[in-house]
Amino acid sequence: MSAQTTIQLTPEAEKILRDLREMPQWMVEAVAQGMDKANAMTVSHIQQARLTGIGPFPVAEHRLGVRSGRLHEALWASKATVIGTNVESAIGDNVKYAAIHEFGGVIHHEVGAGTARLRTDRQGNLLRQTGHRHLAVFAKAGHKRVKEVAYEAGAHDVVMPERAPIRTGIEENLQQYGQMVSEAIQEAWDGMKGA
């Protein structure tokens with residue numbers, strides 16, 4: 001899954017590009033360099049504004065709280081690639097569950113059965129979670145006082161809302177993208193005129 005975004009250049013940068021009869025390779029490379037700078041800034045912004053804190057957050061905030069740090073650390077930006085006069089790049093995440101948080105969807109769980117290991121006190125009574133008297137405490141491998149309880153879970157679906165932390169972070173930085181790419185175009189133009 002992916003989404004595309006268009007960058008708005010400054011009027012000065014648009015004029016430079018209009019005045020060129022053909023897009024020379026050096027100008028396309030300048031656009032790519034500007035994209036790379038903007039991508040690095042945007043990845044940092046998404047990590048700081050969209051993938052930090054203790055959640056869960058309301059869906060409307062387009063944020064995810066940190067649990068393991070994997071989603072935060074695996075966020076990447078591809079190096080801008082030039083294909084003819086087009087410059088493309090991407091920002092994404094390699095963590096398996098990133099897409100479901102970004103785009104939403106349904107996770108289907110099949111029927112499941114197994115045994116849960118729960119902690120007990122000396123009398124064999126289940127220990128309960130602090131503040132949640134209806135929830136038992138799971139036992140780790142080393143616990144001695146344990147009660148094994150069989151369970152069966154029916155098939156069910158979990159609907160995940162679209163949180164879009166990556167797309168939201170990109171949208172928040174579109175003006176900076178336009179500015180950074182425009183500056184790269186202007187610098188390349190000024191450099192060519194001065195040569």
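Select I46 first. Leaving out residues up to four places away in sequence, I46 touches L51, L75, I91, P165, I166, G169 and I170. Remember as you go that this is a predicted model.

**The core around I46**

Keep I46 on screen and bring up the largest nonpolar core, which holds 27 residues. I46 is among those with the most contacts inside this core, along with M27, L75, I91 and I185. Two of these, L75 and I91, are also in the list of residues that I46 touches.

Now colour by element. Helices α1 (11–19), α2, α5 and α6 each give two or more residues to the core. Which element gives the largest share? Pick α2: eight residues of the core come from there.

**T42, in helix α2**

Stay on helix α2, residues 25–49, and select T42. Is T42 buried or exposed? T42 has a relative accessible area of 0%, and under 20% counts as buried, so T42 is buried.

Show side chains next. The T42 side chain makes a polar contact with the side chain of Y177, at 3.3 Å. Then widen the selection to the contacts of T42. Beyond neighbours within four places in sequence, these are I91, G169, I170, N173 and Y177.

**The largest pocket**

The largest pocket holds about 1,100 Å³ of space. Select A3, Q4, T5, S89 and A90: of the 36 lining residues, these lie nearest the centre of the pocket.

Which elements give two or more residues to this lining? Highlight α2, β3 (86–88), β4 (91–93), α4 (98–103), α5 (165–172) and α6 (174–194).

You get 22 nonpolar, nine polar and five charged residues.

**The second largest pocket**

Move on to the second largest pocket, with a volume of about 370 Å³. Its lining has 20 residues. Select L64, G65, V66, R67 and H101, the closest of them to the pocket centre.

Next, pick helix α3, residues 70–73. Helix α3 gives the most to the lining of this pocket, with three residues. Finish with the class colouring here too: the lining has ten nonpolar, six polar and four charged residues.

Key
Residues are numbered from 1 along each chain as its sequence is written. This is a predicted model: local features need pLDDT of at least 70, side-chain atom pairs count only at pLDDT 80 or more; totals for chains, interfaces and linings use all residues. Side-chain values use heavy atoms; hydrogens and water are left out. Helices (H or I, at least four residues) and strands (E, at least two) are DSSP runs, numbered from the N terminus. Buried means under 20% relative accessible area, exposed over 50%, partly exposed in between (1.4 Å probe, protein chains only). A polar contact is a pair of N or O atoms within 3.5 Å; within protein, one must be able to donate a hydrogen and the other to accept it, and residues adjacent in sequence count only if both atoms are side-chain atoms. Contact means heavy atoms within 4.5 Å. On a 1 Å grid over the protein atoms alone, a cavity is a set of points where a 1.4 Å probe fits but cannot get out, and a pocket is an open set with protein on both sides within 12 Å along at least five of seven lines; lining residues have an atom within 4 Å of a point. Grid points are joined across faces, edges and corners, and a volume is the space filled by probe spheres set on the points. Ala, Val, Leu, Ile, Met, Phe, Trp, Tyr, Cys and Pro count as nonpolar, Asp, Glu, Lys and Arg as charged, and the others, Gly among them, as polar. A nonpolar core is a set of buried Ala, Val, Leu, Ile, Met, Phe, Trp, Tyr and Cys residues joined through side-chain atoms within 4.5 Å.
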